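Welcome! Here is a short briefing to read alongside the sequence and the 3D view.

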Amino acid sequence: MDAPEIADYSGTARYAAFGTGSVGFVDEHRLFGEAQQEATDKLLSLSDSVDLIRVVFGDPHGLVRSKTLTPATFRTVLRNGMDMSPGPFVFDTGHAVAIDFFADGGGINLSELTGAGDFVVIPDARTFRILQRGETRVGWVIGDEYLRSGKPHPLSSRAVLRRMTDRLAASGLDFVVGLEMEWYLTRYTDRAVGTVGGFGVQGSAPSVEPVNLGYQFNSDAYLDDLLPVIGPLSRALEQVGLPLRTIEHESGPGQLEFTFSPMSGLAAADAVLLLRGMTKQICADLGYHASFMALPALDGFDASGWHLHQSLFDLNAGANIFAADEPDRLLSPLGEHYLAGLLAHAPAATALAVPTINGYRRLDESFSLSPDRTSWAPENRGALIRVLGSAGAAATHLENRVGEPSANPYLYLAAQLAAGLDGIERKLDPGIAAQNPHDPVASRLPTNLVDALAALEADPLYRTVLGEHLLTAFLALKRSEIRRYGEWAAGREPVASNQATEWEQREYFAHF
């Protein structure tokens with residue numbers, strides 16, 4: 001007896017674009033330049049070499065959001081875009097609704113957000129990577145967010161940085177960034193889900209234990225003990241093109257620092273999304289938990305930071321424009337102006353470099369290697385801005401030491417670049433180097449997220465850089481986070497400023 005005929009569920013070509021952005025969206029709005037179009041054309045055929053493809057973007061918190069597509073669907077999305085829900089734009093870190101998207105203008109005077117209408121994500125083929133997840137080959141590509149009108153989405157943090165770096169490139173300059181990120185490796189003791197949360201209430205934090213006792217800085221023995229994790233992780237990062245440079249064991253139990261070779265600004269921010277996601281996934285496969293939360297609420301743990309190294313490079317001259325020509329100078333005049341801009345906007349920029357309640361635990365004055373004042377100094381790790389360089393040194397650059405490793409990379413980098421360029425434009429003077437970077441008479445950095453947000457809201461530069469929509473949304477998201485923490489903390493005994501709480505552990509440890 002013949003087998004029954006198998007029904008054809010594939011549909012016809014006329015339905016192929018249903019569920020994606022809009023037929024011909026990319027061409028209609030002329031979204032691609034020559035380089036991006038060339039990369040897209042190559043990716044059309046390369047997409048057959050993987051089983052699934054994740055189209056991702058970074059939300060305002062810096063968390064990676066995605067949809068997973070089949071190769072056939074992905075080829076359609078390369079031309080038409082992918083419809084996405086605006087949920088990642090309106091939920092705070094605990095998934096509480098922070099923006100009233102049913103109000104007129106979606107609560108932030110953005111009509112396309114009203115009623116939680118979709119937006120469109122267009123894959124940037126130049127960011128495509130292949131991740132080996134067990135037996136499954138997964139394509140991974142960052143998308144750019146657009147309104148249905150074809151305009152860049154005003155809540156896209158990647159668009160903020162890309163606009164700035166594109167303008168910089170048009171003037172013959174590149175924003176050069178070195179990443180230095182600290183994070184924690186712990187071992188799962190129980191892989192059970194635990195207590196489930198809800199909207200605005202996070203579930204249980206992962207159950208973990210330290211991998212070592214810590215507090216033997218740069219311990220070769222500790223690092224060697226972690227090779228069963230570090231080995232596969234470092235190979236995976238290098239296989240996807242991340243320029244891993246060094247690995248070291250920091251102070252805390254299982255606290256690691258990864259540094260990377262210099263990258264162009266937008267590529268560096270993209271790399272952070274990939275780094276954090278891959279690190280968490282690969283460590284989980286091996287029975288470990290990776291967290292980029294600044295200070296886990298675990299006994300004996302020290303705080304982690306994200307030190308951002310930066311300079312400007314003259315593409316035509318092939319030279320670092322921060323390098324001093326004169327003896328006895330650390331920086332060129334342009335480098336000094338850039339440094340002064342970082343200091344002038346430091347209070348407001350802190351909200352974008354340290355965007356969680358937990359991150360301010362690290363900036364307590366007792367952490368002498370973390371900044372608490374708007375100071376600069378050569379080769380001093382207690383200063384906000386550490387200057388590395390000397391006359392004629394091609395590698396001269398500035399290190400901002402305030403950031404937390406969970407920060408949104410696009411907003412952190414954009415905040416730095418905008419401040420530095422403002423300093424150049426206004427020819428600001430950084431003043432003399434600090435002898436004591438923690439001098440109590442020096443200007444204090446914000447000590448909490450409330451004060452940092454107030455400084456951000458009051459700074460006209462960042463209102464222009466972020467735009468009214470993103471600034472309004474970011475403030476609403478973060479103030480919702482603050483409100484929920486306050487409700488939890490009400491009636492409880494106050495904790496030390498450098499001590500994380502159980503609320504923070506549930507809020508950040510798993511997801512960041």
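Predicted model: local features only at pLDDT ≥ 70, side-chain atom pairs only at ≥ 80, totals over all residues.

Residues are numbered from 1 along each chain as its sequence is written, and side-chain values use heavy atoms, with hydrogens and water left out.

**The whole chain**

- The chain holds 15 helices and 17 strands; helices (H or I, at least four residues) and strands (E, at least two) are DSSP runs, numbered from the N terminus.
- Its radius of gyration, taken over C-alpha atoms, is 23 Å, close to the 24 Å that the globule rule gives for 512 residues, so the chain is as compact as a globular protein of that length. That rule is 2.2 Å times the number of residues to the power 0.38.
- The C-alpha trace spans about 90 × 55 × 50 Å along its principal axes.
- Of the 512 residues, 56% count as buried, where buried means under 20% relative accessible area, exposed over 50%, and partly exposed in between (1.4 Å probe, protein chains only).
- Among contacts (heavy atoms within 4.5 Å) with a separation of 6 or more, 73% come from residues 24 or more positions apart.

**Helix H10**

- Which residues of H10 are buried? They are Ala346, Ala348, Ala349, Thr350, Ala351, Leu352 and Ala353.
- Because seven of its eight residues are buried, helix H10 (residues 346-353) is largely enclosed by the rest of the structure.
- The packing partners of these buried residues include helix H9 (333-344), helix H11 (409-425) and helix H14 (468-489).

**Ser219, in a loop**

- You will find Ser219 in the loop between strand S8 (207-210) and helix H6 (220-225).
- Is Ser219 buried or exposed? Its relative accessibility is 14%, so Ser219 counts as buried.
- The Ser219 side chain reaches the backbone nitrogen of Tyr222 at 3.0 Å.

**Ala395, in another loop**

- Ala395 sits in the loop between strand S16 (385-388) and strand S17 (397-403).
- With a relative accessible area of 58%, Ala395 is exposed.
- Apart from its neighbours within four places in sequence, Ala395 is in contact with Asn320 and Leu388.
- Ala319 is 76 residues from Ala395 along the chain, and the C-alpha atoms of the two are separated by 9.7 Å.

Terms used: Polar contact = N/O pair within 3.5 Å; in protein donor to acceptor, adjacent residues only side chain to side chain.
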